[in-house]
Amino acid sequence: MKIPVLLPNIFNYPFTYKTNNENLKLGDYVEVPFGKTTKIGVVWNKFEKSEKNFTIKKINKKLKIPSLKEDFIKFLEWFSEYNMVPLGMVLKLHLTSNEAIESDNFNQINEYNNKINFKNVKLSKEQKSSVEKVISKDKQFRVHVIQGVTGSGKTIVYFKSLEKKIREGFQGLIMLPEIGLTSEFEKKFEQFFGFKAAIWHSSVSKKKKKIIWNGLANGKIKVLIGARSSLFLPFLKLGIIIVDEEHDQSYKQDEGVIYNARDMAISRASFSNIPINLVSAVPSIETFENIKKGKYYHSRLYKRYLNAKLPNHEIINLKSTNKNLWILSQTIEKVKKHLIRKDQILFFVNRRGFAPFVMCKKCLKVHTCPNCSVNLVYHKRKQNVLCHYCNYKNVLDRKCTDKTNCDFTFSGPGVERIYEEVKNVFPDKSVEIFSSDTMNKKNSPEIINKIINNKIDILVGTQLISKGFHFPHLNCIIVVDIDLALNGYDLRAPEKNLQLYHQLSGRAGRAGNPATVYFQTFKNNNEAISKLTNSDPEVFLENELKIREKNSLPPFERFISIILIGQNEKKVEELSLKLKEKLTRKLTCKVLGPVIAPIYKINKNFRYRILIRSKKPNKIQKNLFDLLNNFKKQNKIKLVVDVDPITFN
Ligand SMILES: [Zn+2]
Ligand SMILES: [Zn+2]
């Protein structure tokens, strides 16, 4: 008998195989010959009609794994269509690798199977009523947003809703945006539940991944804490999904298969008819709109732990000076007062390295990347100039027009530069940089411990520090250059700033001491700062939503970006124009562009963008997918499709 088998490759349809096994059914995992190798695939539900007459090969064997369930198969098919990704590539996300996934050695899973021992925590009134709301009617799909200022105990609320599901014999999935630094969270989890959750992200070893994959498929692992890709894992009996920090933009996977993991989590829950909790201090614009429309349930926590107040904010207006200093006397006076009180200080500047702009005073040449249309960033500690897009590296030396060395000047602040300034002003204080360059896997637990125990007086950090850490002594934050953030050109910049401010201020004053966030502005951006810092983010979101509606921006219209990428500048341009012409002819929606991408060149490749805008309920993906597939692709020009884009560079 003939059977369709979907394989983890770039094809959008299953391949036909034959078998004598009459019992093979939809969702079974099978091993099949493919070319000169074998592959693991899944028995699918429809044959590919247009498949050519190849000799049909025989399925090698069926694997001993519980088969994929129909609701999950439907989710994968929907995902493929919505994000315009070939079905085989979606299956690849699920199978994670081509290695055999079969395993009957469950001994190694034991580390996740300690006794369940739920801790009895005393809940505040607010928490109690929130828990009641969340767990009522949780037998079917429903989105519940748990909103609360940082430090208000949102985690305990969703732990409780997860606890109920575990008691009922279900598995749970908790998604976190930055999973590299989760050891604090893992400890909290284990203290509450009495057992260990499995952890899933890109740097988990292959061996461990295999154990976790099988443990989930066989229902031996109860809870998984995971990054975006955990959404595709084979839970035997998934009962609830929790998306913590749902507003976080890193839920958007923007390389390889492009998708928004928060949105996809909601549809996975919907296909499986299970509840999903979205958790945030300030919901994303999309979530806010759905709460307003009554599509999502909503409960809110206002009180912080220990009744801690949210930090005050103060604006420090600065006049530009020629001294090239970024921390000025007014700020230093404020910081001194905090230091006397033994407060920990954070200087926030969202840029790695020393300076983003390196120019020679004599020949006026700027250090730019040879592969990308961006400036190189000077990293003083590594003694090089570095491209943050393609990782191109070079020494700082360069021969000038007069045959001597170039004489460089640096402009703009990065964390290393602020670090130096801080060290000059406070030479006897311990200062530490908190960025992805310093916080590697090896030394970050040690630094984080030192911060928690107040062994570090002053931190200089990028937005990495805004991600959910609990630093009890941090009571003073200086936003070094708010003007930089406010100058963003992208349509989501206001929302991003709002999120960032609330994340940052949530780091301060967590142990109940008074805390302040200071904003240094050179451009008198006082009004914009006041809007950001309004203690009720609804005002901001409401206003932002109005602007989006007026201009027909998402979430009121659907955007789909098509980026054309190739080494031959002329050919990329020509093809962009051709594609635009074809899309305009065949689609009923607006097609804008092509325009040169804001970052015109990355890694020696030139980039053009086309933007498609359509009215919301119309799903144009299917049509567009076929159009793009039939569009004669020119050699060496890549088409990248981004549905619901959040960056436009
Ligand atoms: Zn580069
Ligand atoms: Zn020069």
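1. In this model, L564 has Y608 in β28 as its bridge partner. The model is a predicted one. β26 and β28 pair in the antiparallel sense, over 10 bridges. β26 covers residues 557-566, and β28 covers 605-615.

2. β28 also pairs with β27. The two run antiparallel and are joined by 7 bridges. Here K601 stands opposite F606 in β28. β27 and β28 make a hairpin, with 2 residues between the strands. In that turn, N603 has a positive phi of about 55 degrees.

3. Next, helix α16. It takes in residues 569-586, 18 residues in total. From first C-alpha to last it reaches 26 Å. That is close to the 26 Å expected at 1.5 Å a residue.

4. Which residues of α16 are buried? They are V572, L575, S576, L579 and L583. Down the axis of α16, the buried residues fall within an arc of 110 degrees, so they line one face of the helix.

5. The face of α16 turned away from the buried side carries exposed residues: K570, E581 and R585. What covers the buried residues of α16? The cover includes β26, β27 (590-602), β28 and α17 (621-630). The strands of points 1 and 2 are therefore part of what covers the buried residues of α16.

6. Elsewhere, 6 strands form an open sheet with parallel pairing. The order is β15-β25-β24-β16-β23-β22. β15 (312-317) and β22 (431-434) stand at the edges. Each has a single partner strand, so one side of each is left without a neighbour in the sheet. From one strand to the next, the twist averages 20 degrees.

7. Within that sheet, take β24 and β25. β24 spans residues 474-479 and β25 spans residues 516-521. They pair in the parallel sense over 4 bridges. I478 stands opposite Y518 in β25.

8. Another open sheet has 7 strands, again with parallel pairing. Its order is β8-β9-β7-β10-β13-β6-β14. Which strands stand at the edges? They are β8 (198-200) and β14 (297-301). Each has a single partner strand, so one side of each lacks a neighbour in the sheet. The twist averages 20 degrees from one strand to the next.

9. W200 stands opposite G226 in β9. Helix α3 (residues 125-135) packs on this sheet. α3 touches β6 (142-148), β13 (275-280) and β14. The direction of α3 makes about 170 degrees with that of β14.

10. Last, a helix pair. α8 (residues 285-292) packs on α15 (residues 537-550) at an angle of about 95 degrees. Their axes are 10 Å apart. α8 and α15 are therefore roughly perpendicular to each other. Which residues meet in this pair? From α8 come I285, F288 and E289. From α15 come L541, E544, L545 and R548.

Notes:
Residues are numbered from 1 along each chain as its sequence is written. Chains are lettered from A and ligands numbered from 1 in the order in which they are written. This is a predicted model: local features need pLDDT of at least 70, side-chain atom pairs count only at pLDDT 80 or more; totals for chains, interfaces and linings use all residues. The expected span of a helix is 1.5 Å times one less than its number of residues. A residue is buried if 20 or more other C-beta atoms lie within 10 Å of its own, exposed if 12 or fewer, and partly exposed in between; C-beta atoms are placed from the backbone. The arc is that of the directions from the helix axis to the C-beta atoms. Two residues are in contact if their C-beta atoms, placed from the backbone, lie within 7 Å. Two strands pair if DSSP finds at least two bridges between them. Axes are lines fitted to C-alpha atoms, for helices over the stretch in contact, and angles run from 0 to 180 degrees between N-to-C directions. Angles under 35 degrees count as roughly parallel, over 145 as roughly antiparallel, 65 to 115 as roughly perpendicular and the rest as oblique.
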